[in-house]
Amino acid sequence: MAVRSMFSFSRPSFPGVMLGLGYFFLYAPMLVLIAYSFNENKRVNVWSGFSTKWYGELLANDAMMAAVAMSLKLALATATLAVVFGTLAALMLTRLRRFPGRTLFGGMVTAPLVMPEVITGLSLLLLFVALADTIGWPANRGFVTIWIAHVTFCMAYATVVISARLREMDTSLEEAAMDLGANRIQTFFAITLPIIAPALVAGWLLAFTLSLDDLVIASFVAGPDSTTLPMIVFSSVRLGLSPEVNALATILIVTVTAVSLVGFWFMDRNDRKRQREMQAALAHPD
Amino acid sequence: MNLLRRWLPDRRWGVIAPPFLWLSLFFVIPFALVFKISLSEMAIAQPPYVPLLEYLDGVLNVRLNFGNYTWLFDDPLYADAYLSSLGIAAWSTVICLAIGYPMAYAISKMRGSLQNLCLLLVVLPSWTSLLIRVYAWMGILKNDGIINNVLLAVGLIAEPLRLLNTTGAVYVGIVYAYLPFMVLPLYANLTRMDPRLLEAAADLGARPLTRFLRITLPLSVGGVIAGSMLVFIPAVGEFVVPELLGGNEATMIGKVLWGEFFANRDWPVASAVATLMLLVLILPILLFHRYQSRELEVAR
């Protein structure tokens, strides 16, 4: 089989070269950002010495820290509900072949993946205003309205991740459990849930990062006293470069990278272990 | 009787109802409201528009104002913004495809662990913040940014080039932000391809380029469509990139909508802008949806 890895240095292939350039394009700007977060100068682009003072200033910035707390709470609440709804929606799409409105439902799940944020944001705001007008709720826009908006677009991503796992899972395990007398709910909790658990974690993390990052939708549905982290970052970035934002960006990039690499290491180890066990089982059929 | 039973609630509805109701209420109904408000008039009130239906002295008055739409068609600013958004989004998609296809191809040819790691490295940037990644480019493209500083130091230019606040900067930002969304579906498609097809072609004497053009490329059309739609559709309505990198030069429609809503507080015109944008995007969205549901069937 003609598998040519990008590391065959003898003759670098065109796709291999493009991959290298692509990584450079993706990572160079972030590395520049990180480097300048340690610049002592207030003018971000003028290097005058190594310093960690901007991290101190960032932690002392009360408005920024309040927004961080708000955004983290929001992301936690969003990710949790998005995974619950995403699991239900994924079960519908993969396990129920026919139910009334299946086509419509499929569209409702995929459309938020691509819908421009300005449209989603405006439409949800108009809904909240109309609801407040007719039933008096929500009286104030803030945490709850942003939460609802975030769950709505994040559950689509969670659904895609979870249904991919549900589709590749071996359904004969579920059938076996039901043959042995378990009902659907018992089967779900004893068999299905443990098997799709990695996808639930992946979907949860994805929804968490999407919620933490959203500027546009939150700006539409937020009230006057609810400011999320992206909103505060946006208003300071609009005025130009800010060393505190560089420090914040560095913390974010390092955290995401660390969590991803640890997660990758765990999954990779489990995969290898499972493959070894399968090979061993095939070699010695007892 | 059977028909009745099909519609009566059974236990499946415990699974179906919550996400279905949630999406209907918070995703579908809001679009109807956008259309409704787009036919209203701006008012100095809370909320800032005139109600469409009024019940006065036993008479139901319906006031439909098409003025917002004629306004959008009369003022060339809006047509320009729509056209430049579509153009920028389309070219960004082509550039993403040109960079992303070879990347996805290279990754799909790797072996187990390395393949997963390389894929992770492509997706990882999209898990950090889009806002922050666009901000990073502000620092690079500024007049006293890295590119200008290097070019000045080397002596290639005598004074800084204007890179930030140009349409070119918007292209860079959009391609940078959306590249991972192009690579992911392409990789998913390419990695599923049956290698025996290529071996058979090779045995029959086809050269590598012929094998790629006659087998790999036609079989990956689904991935190309999915990736392209994942880039094109959101890019048309993009706000953050043109706002931070485009300055006054690139007026994209997402920025226009934002301005109508937040600066002018003209909710009806903002709604009309959104309605027209949705009309333009409905075909691409349907195309994307068709590909997605075909994916579900293929895997079953």
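Buried area is the accessible area, taken with a 1.4 Å probe, that two parts lose on being put together, summed over both. In this predicted model, chain A and chain B bury about 8600 Å² between them, 80% of it on carbon and sulfur atoms. On the side of chain A, the residues that lose the most area to chain B are A:Phe25, A:Met108 and A:Val114, together 8% of what that side buries. Local features need pLDDT of at least 70, side-chain atom pairs count only at pLDDT 80 or more, and totals for chains, interfaces and linings use all residues. Residues are numbered from 1 along each chain as its sequence is written, chains are lettered from A in the order in which they are written, and side-chain values use heavy atoms, with hydrogens and water left out.

Contact (heavy atoms within 4.5 Å) involves 93 residues of chain A and 97 residues of chain B. One salt bridge is found across the interface, a salt bridge being a side-chain nitrogen of Lys or Arg within 4 Å of a carboxyl oxygen of Asp or Glu. The side chains of A:Arg238 and B:Glu243 form a salt bridge with an N to O distance of 3.0 Å. Helix H1 of chain A (residues 14-37) supplies 15 residues, the largest share of the side of chain A that touches chain B; helices are DSSP runs of H or I with at least four residues, and strands are runs of E with at least two, numbered from the N terminus.

Within chain B, strands E1 (residues 53-56) and E2 (residues 59-62) run antiparallel and are joined by four bridges; two strands pair if DSSP finds at least two bridges between them. B:Leu56 stands opposite B:Val59.
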